[in-house]
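Notebook open, model loaded. I want to go through the rings, the sheets, the core and a few single residues.

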Amino acid sequence: MKEKINWAEIFIAVIIAVAIMLLIVRYGDNRPWFSPEGNVSKEYGYNNTPIKNATIIKFPDLIVESMNYLSTNVTNGTIVTVTANIKNIGQANAGASYAHLEILQTGSYSNIWTRSLRPGESYSVQANFTLQKNRQYTAIGLADWFNSVRESDENNNYNNITIRS
């Protein structure tokens with residue numbers, strides 16, 4: 001025997017569900033939302049009341065501020081010491097991470113541990129590479145190579161220089 005569908009109960013359930021969704025949309029949970037840059041992304045909560053006592057979350061931001069090299073000629077080529085200056089330009093401490101230095105044309109690279117950096121603080125890393133004489137190379141430097149630090153800007157961790165051996 002087929003059960004009879006009670007359309008009145010279904011209609012009431014749908015009305016209640018719609019009413020609950022409208023209340024959630026109208027009043028929300030009143031939590032502020034934050035952008036990765038540490039800014040409150042909405043000036044007002046979901047119910048159009050100003051957000052009070054909101055804590056702005058601040059993040060570190062690691063960059064390769066500068067790079068340079070020093071070359072020393074040896075019998076079988078040139079030894080090049082590449083230096084990268086890693087800086088925290090963010091507003092919070094950056095935990096320890098790794099920097100990456102690489103010579104693009106050879107694929108030679110070095111991953112170097114970088115200590116924790118306070119806002120505004122810098123740390124230099126170095127790696128030695130043996131290159132052929134009288135050639136041009138591109139050295140790249142990347143901060144936070146393994147993405148272990150949550151940053152306000154994850155897209156500015158790169159720098160490069162041209163090396164003439």
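Which residues form one aromatic cluster? I looked and found Y98, W145 and F146 in it.

**Ground rules.** I am working on a predicted model, where local features need pLDDT of at least 70 and side-chain atom pairs count only at pLDDT 80 or more, while totals for chains, interfaces and linings use all residues. I number residues from 1 along each chain as its sequence is written, and side-chain values use heavy atoms, with hydrogens and water left out.

**Confidence.** I checked pLDDT, the predictor's confidence in each residue from 0 to 100. The chain has a mean of 84, and 79% of its residues reach 70 or more. Over residues 31-47 the value is below 50, yet in the model that stretch has 41 contacts beyond near neighbours in sequence. Contact here means heavy atoms within 4.5 Å.

**Rings.** I used the pairing rule for Phe, Tyr and Trp (its six-membered ring): centres within 6.5 Å, with planes under 30 degrees apart counted as stacked, over 60 as edge-to-face and the rest as tilted. The count comes to 2 aromatic pairs. Y98 and F146 make an edge-to-face pair, 5.7 Å centre to centre with 80° between the planes. Y98 sits in strand 3 and F146 in the loop between strand 6 (136-142) and strand 7, so this pair ties together parts 48 residues apart in sequence. W145 and F146 are edge-to-face as well, at 6.4 Å centre to centre and 65° between the planes.

I then looked up accessibility, where buried means under 20% relative accessible area, exposed over 50%, and partly exposed in between (1.4 Å probe, protein chains only). F146 counts as exposed because its value is 52%. Y98 is at 36%, so I note it as partly exposed, and W145 at 33% is also partly exposed.

Strands here are DSSP runs (E, at least two residues; helices would be H or I, at least four), numbered from the N terminus. Two strands pair if DSSP finds at least two bridges between them. As background, strands of a sheet pair through backbone hydrogen bonds, either parallel or antiparallel.

I find an open sheet of 4 strands in the order 4-3-6-7, with antiparallel pairing. Strand 4 (109-114) and strand 7 (158-164) are at the edges with a single partner strand each, so one side of each has no neighbour in the sheet. Neighbouring strands are turned by 20° against each other on average, direction ignored; the axes are lines fitted to C-alpha atoms (for helices over the stretch in contact), and angles run from 0 to 180 degrees between N-to-C directions. Strand 3 (residues 97-103) pairs with strand 4 over 6 bridges in the antiparallel sense. Opposite E102 I see Y109 of strand 4.

Strand 1 (residues 62-74) and strand 2 (residues 77-88) pair over 12 bridges, and they form a hairpin with 2 residues between them. I picked out two positions: V74 stands opposite G77 in strand 2, and the bridge partner of Y69 is V82.

**Core.** Which residues have the most contacts inside the largest nonpolar core? I get M67, V82, I86, L101, I103 and I163, in a core of 23 residues. The rule takes buried Ala, Val, Leu, Ile, Met, Phe, Trp, Tyr and Cys joined through side-chain atoms within 4.5 Å. Strands 1, 2, 3, 5, 6 and 7 each supply at least two residues of this core.

**Two single residues.** L62 is in strand 1 and counts as buried because its relative accessibility is 1%. Leaving aside neighbours within four places in sequence, its contacts include I86, A94, S97, L117, V149 and N157.

S152 lies in the loop between strand 6 and strand 7. At 17% relative accessibility, S152 counts as buried. S152 and F59 are 93 residues apart in sequence but 5.3 Å apart in space, C-alpha to C-alpha.
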